[in-house]
Amino acid sequence: MKIACSVVLSAVLTLTATALFAEPLDLVTLKDGSMIHGEVIEMTEGELKIKTAFGVGDAVSIKWDTVSKLTVTHPLPFHLKEGTVIVATAEEGEPGTLVHKTEPLVEPIRVPLEAVKSVNPLIQP
């Protein structure tokens with residue numbers, strides 16, 4: 001009985017430590033209200049790829065024009081249609097807007113989703 005309790009306690013402590021130290025996930029909110037948690041990989045040619053725990057293969061693909069909000073917890077290059085590249089994290093803003101946080105800037109940069117050409121493209125322009 002003591003061994004069983006020790007095993008259960010050890011498993012609970014391991015799971016708790018894993019949850020406490022796990023990296024936060026990115027979040028994609030779609031226009032229909034659906035939310036997808038995972039790691040944003042890239043967005044090119046109107047297709048956002050996000051690695052999820054439930055996806056089969058490397059990533060789940062989502063049409064960029066169905067995205068309402070996006071939170072990215074790790075800095076990525078956001079290529080804007082007018083040519084600017086912002087390397088930043090992204091926080092949820094008003095629907096249709098990204099709020100970029102980048103150092104050394106104190107104030108966030110607000111960018112409409114439709115102004116984004118690509119995110120972390122494999123082939124950097």
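Buried means under 20% relative accessible area and exposed means over 50%, with partly exposed in between (1.4 Å probe, protein chains only). The model shown is predicted, so local features need pLDDT of at least 70 and side-chain atom pairs count only at pLDDT 80 or more, while totals for chains, interfaces and linings use all residues. Residues are numbered from 1 along each chain as its sequence is written, and side-chain values use heavy atoms, with hydrogens and water left out.

**Figure 1. Overview of the fold, with one helix and nine strands.** Helices (H or I, at least four residues) and strands (E, at least two) are DSSP runs numbered from the N terminus, and along the sequence they follow the pattern α-β-β-β-β-β-β-β-β-β. Of the 125 residues in the protein, 32% are buried. The accessible surface comes to about 8,300 Å², and 62% of this surface belongs to carbon and sulfur atoms; accessible areas come from the Shrake-Rupley method with a 1.4 Å probe, and for residues only the protein chains shown count as cover. Contact means heavy atoms within 4.5 Å, and among contacts between residues at least 6 apart in sequence, 38% join residues at least 24 apart.

**Figure 2. Close-up of the largest nonpolar core, which has 23 residues.** A nonpolar core is a set of buried Ala, Val, Leu, Ile, Met, Phe, Trp, Tyr and Cys residues joined through side-chain atoms within 4.5 Å. Within this core, V28, L48 and L70 touch the most other members. Two or more residues come from each of β1 (26-30), β2 (35-44), β3 (47-51), β5 (67-80), β6 (85-92) and β9 (116-119), with β5 giving the largest share, six residues. When neighbours within four places in sequence are left aside, V28 is in contact with S34, M35, I36, L48, I50, I62, V67, K69 and L70.

**Figure 3. Close-up of the salt bridge between K49 and E42.** A salt bridge is a side-chain nitrogen of Lys or Arg within 4 Å of a carboxyl oxygen of Asp or Glu, and the structure holds three of them. In this pair the closest N and O atoms are 3.7 Å apart. Side chains of opposite charge can pair when their charged atoms come close.

**Figure 4. Close-up of the salt bridge between K69 and E92.** The side chains meet at 3.8 Å, taken from N to O. Because K69 lies in strand β5 and E92 in strand β6, the pair ties together parts that are 23 residues apart in sequence. K69 counts as partly exposed at 21% relative accessibility, and E92 is also partly exposed, with a relative accessible area of 39%.

**Figure 5. Close-up of the salt bridge between K101 and E91.** The closest N and O atoms of this pair are 3.8 Å apart. K101 belongs to strand β7 (residues 97-101) and E91 to strand β6, so that distant parts of the chain, 10 residues apart, are linked. K101 is partly exposed, with a relative accessible area of 38%, and E91 is partly exposed at 36%.

Figure 6. With a relative accessibility of 7%, S118 counts as buried. Not counting residues up to four places away in sequence, S118 touches M43, T44, P77, F78 and H79.
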